[in-house]
Amino acid sequence: VPRYVAFVDFGHSHTSVFVAKFTQEKLTIEKQVHERNLGARDMDWELLKHYSKMFDEQNGVDPMSSQKARLRMLESCLLYTSDAADDLLCVDLGGRRIIKKKK
């Protein structure tokens, strides 16, 4: 019975996904997809826009209008995404993170 495994490389500026089929005899790459314009920086920017809008609605102050406030909020988004990744059970192999399911 073949086992299918998806490998996802979510980098700073791009994302790659590979689907592999493992059998007793060999490994076959069934599909590979690359998106050059989607990465962690894009997710951080979307988080920044989302939380800026929430902050503006709750406090009446738009953090995007001030460079200092925008950078502080972006730093918080970056810390949030990196902490979320660290909370997962994962193994780092040469700068690439292999995420395993939590039991």
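Residues are numbered from 1 along each chain as its sequence is written. Because the model is predicted, local features need pLDDT of at least 70 and side-chain atom pairs count only at pLDDT 80 or more, while totals for chains, interfaces and linings use all residues; side-chain values use heavy atoms, with hydrogens and water left out.

The confidence of the model comes first. The protein has a mean pLDDT of 78, and 76% of its residues reach 70 or more; pLDDT is the predictor's confidence in each residue, from 0 to 100. Residues 88-103 have a pLDDT below 50, and in the model this stretch has 21 contacts beyond near neighbours in sequence. A contact means heavy atoms within 4.5 Å.

Next comes the overall make-up. The protein contains two helices and five strands, where helices (H or I, at least four residues) and strands (E, at least two) are DSSP runs numbered from the N terminus. Read from the N terminus on, the elements follow the order β-β-β-α-α-β-β. Of the 103 residues in the protein, 12% are buried; buried means under 20% relative accessible area, exposed means over 50%, and partly exposed lies in between (1.4 Å probe, protein chains only). The accessible surface of the protein is about 8,600 Å², and carbon and sulfur atoms account for 55% of that surface. These areas come from the Shrake-Rupley method with a 1.4 Å probe, and for residues only the protein chains shown count as cover. Among the contacts in the protein with a separation of 6 or more, 25% are between residues 24 or more positions apart.

The sheet can now be followed strand by strand. Three strands form an open sheet in the order E1-E2-E3, with antiparallel pairing; two strands pair if DSSP finds at least two bridges between them. Strand E1 (3-10) and strand E3 (27-35) are at the edges with a single partner strand each, so one side of each has no neighbour in the sheet. From one strand to the next the twist averages 15°, with axes taken as lines fitted to C-alpha atoms, for helices over the stretch in contact, and angles running from 0 to 180 degrees between N-to-C directions.

E1 and strand E2 (residues 15-22) run antiparallel and are joined by eight bridges. They form a hairpin, with four residues between the two strands. Along this pair, Tyr 4 is opposite Lys 21 in E2, Phe 7 has Phe 18 of E2 as its bridge partner, and Asp 9 is partnered by Ser 16 in E2. E2 and E3 form a hairpin with four residues between them, and Thr 15 has Glu 35 in E3 as its bridge partner.

The helices come next. Met 73 belongs to helix H2 (residues 67-87) and counts as buried, at 16% relative accessibility. Leaving aside residues up to four places away in sequence, Met 73 touches Leu 48, Tyr 51, Ser 52, Phe 55 and Pro 63. One of these residues, Ser 52, is in helix H1. Ser 52 is buried, with a relative accessible area of 3%. With residues up to four places away in sequence again not counted, Ser 52 touches Pro 63, Met 64 and Met 73. The C-alpha atoms of Met 73 and Lys 49 are separated by 9.6 Å, and the two residues are 24 residues apart along the chain.

Lys 49 also takes part in a charged pair. Glu 46 forms a salt bridge with Lys 49, and their closest N and O atoms are 3.2 Å apart. A salt bridge is a side-chain nitrogen of Lys or Arg within 4 Å of a carboxyl oxygen of Asp or Glu, and by this rule the count is one salt bridge. Because Glu 46 and Lys 49 are three residues apart in helix H1 (residues 40-59), about one helical turn separates them. Glu 46 counts as partly exposed, at 43% relative accessibility, and Lys 49 counts as partly exposed, at 39%.
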